[in-house]
Amino acid sequence: RQYKAVVTNSLHMQAELTRHGLNSTCVYLPVASGFPLAQAQASTETRLLFLGRMDFHKGGQVFIEALREVCTSLKKPVRVTFAGDGPERERWQRQAAQLQIETENLKIEFVGWQDEKERDSLLSNCDLLVVPSLWPEPFGLVGPEAGLRGVAVAAFATGGIREWLKDGVNGYLAPGDRPTATGLAQAIINCLHDPLIHERLKHGATEMASRFNMENHLTALLKVFKAAVSSSS
């Protein structure tokens with residue numbers, strides 16, 4: 001309370017601070033790639049990607065459960081890549097191995113933590129990023145990072161995710177007030193069942209991500225600095 005300004009990176013977090021009696025300003029972080037955007041490789045498979053820490057609240061177990069319904073609906077080979085690590089990795093791997101035995105045309109791989117260039121390649125060569133977080137993400141920067149590469153997103157409607165993921169624009173949301181595998185499966189299917197819709201979502205993803213640029217970030221941040229200086233004089 002002694003600070004001249006408090007900055008958050010999402011309206012969701014701004015609302016949380018307001019709920020606790022603290023004034024703050026939302027300044028979205030900029031999204032950029034450290035490497036030239038990789039050239040996507042053509043594939044006959046539908047490629048889904050999870051990218052992040054593997055713990056319960058990140059929802060990987062729900063994502064794996066949803067894949068049975070996704071494969072049944074899409075009726076084509078599906079390859080899922082889990083990139084990252086964490087305390088739930090072994091449990092998710094066992095769950096994924098069993099599901100692959102029971103489900104045709106499904107391949108699930110766990111590749112561990114990736115460096116920036118490897119992450120860029122994974123994002124550039126997937127058809128859909130899935131963000132199954134069960135907890136209210138403060139923002140979920142990985143979504144706009146994927147959008148920068150023309151990748152649509154399916155996610156639960158929790159926390160700051162709703163600020164950059166809009167149904168039918170750059171992906172689809174699953175209900176977040178009671179997240180379920182069925183709800184997530186439907187959001188994934190909505191993104192991929194029609195090639196024309198998927199193509200539109202990819203363009204929408206790029207457009208949405210472009211709003212989170214360095215110019216907009218610095219403009220908003222400078223306003224905060226000016227206001228803080230003015231209040232001190």
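## Cavity lining

The lining of the largest cavity holds eight nonpolar, three polar and no charged residues. Here Ala, Val, Leu, Ile, Met, Phe, Trp, Tyr, Cys and Pro count as nonpolar, Asp, Glu, Lys and Arg as charged, and the others, Gly among them, as polar. The model is predicted: local features need pLDDT of at least 70, side-chain atom pairs count only at pLDDT 80 or more, and totals for chains, interfaces and linings use all residues. Residues are numbered from 1 along each chain as its sequence is written, and side-chain values use heavy atoms, with hydrogens and water left out.

A cavity is a set of points, on a 1 Å grid over the protein atoms alone, where a 1.4 Å probe fits but cannot get out; lining residues have an atom within 4 Å of a point. Grid points are joined across faces, edges and corners, and a volume is the space filled by probe spheres set on the points. The count is one cavity of 30 Å³ or more. The largest cavity contains about 50 Å³ of space. Its lining includes Trp164, Asn170, Met208 and Phe212. Helices α5 (142-147) and α7 (195-210) each supply at least two lining residues.

## Aromatic pairs

Aromatic rings of Phe, Tyr and Trp (its six-membered ring) pair if their centres lie within 6.5 Å; planes under 30 degrees apart are stacked, over 60 edge-to-face, and the rest tilted. There are eight aromatic pairs. One of them is stacked: Phe82 and Phe110, 4.8 Å centre to centre with 10° between the planes. Phe82 lies in strand β4 (residues 78-83) and Phe110 in strand β5 (residues 106-112), so this pair ties together parts 28 residues apart in sequence. Both Phe82 and Phe110 are buried (under 20% relative accessible area; exposed is over 50%, partly exposed in between, with a 1.4 Å probe and protein chains only).

Phe139 and Phe212 have ring centres 5.5 Å apart and planes at 70°, so they pair edge-to-face. They sit 73 residues apart in the chain. Phe139 is buried at 3% relative accessibility.

## Salt bridges

A salt bridge is a side-chain nitrogen of Lys or Arg within 4 Å of a carboxyl oxygen of Asp or Glu. The count is 12. Glu102 and Arg68 meet in one of them, at 3.1 Å, N to O. Glu102 lies in helix α3 (residues 89-102) and Arg68 in helix α2 (residues 60-74), so the pair ties together parts 34 residues apart in sequence. Glu102 is partly exposed at 43%, and Arg68 is partly exposed at 40%.

Terms used: 1 Å grid on protein atoms, 1.4 Å probe; cavity = no way out; pocket = protein on both sides within 12 Å on 5 of 7 lines; lining within 4 Å. Helix = DSSP H or I, 4+ residues; strand = E, 2+ residues; numbered from the N terminus.
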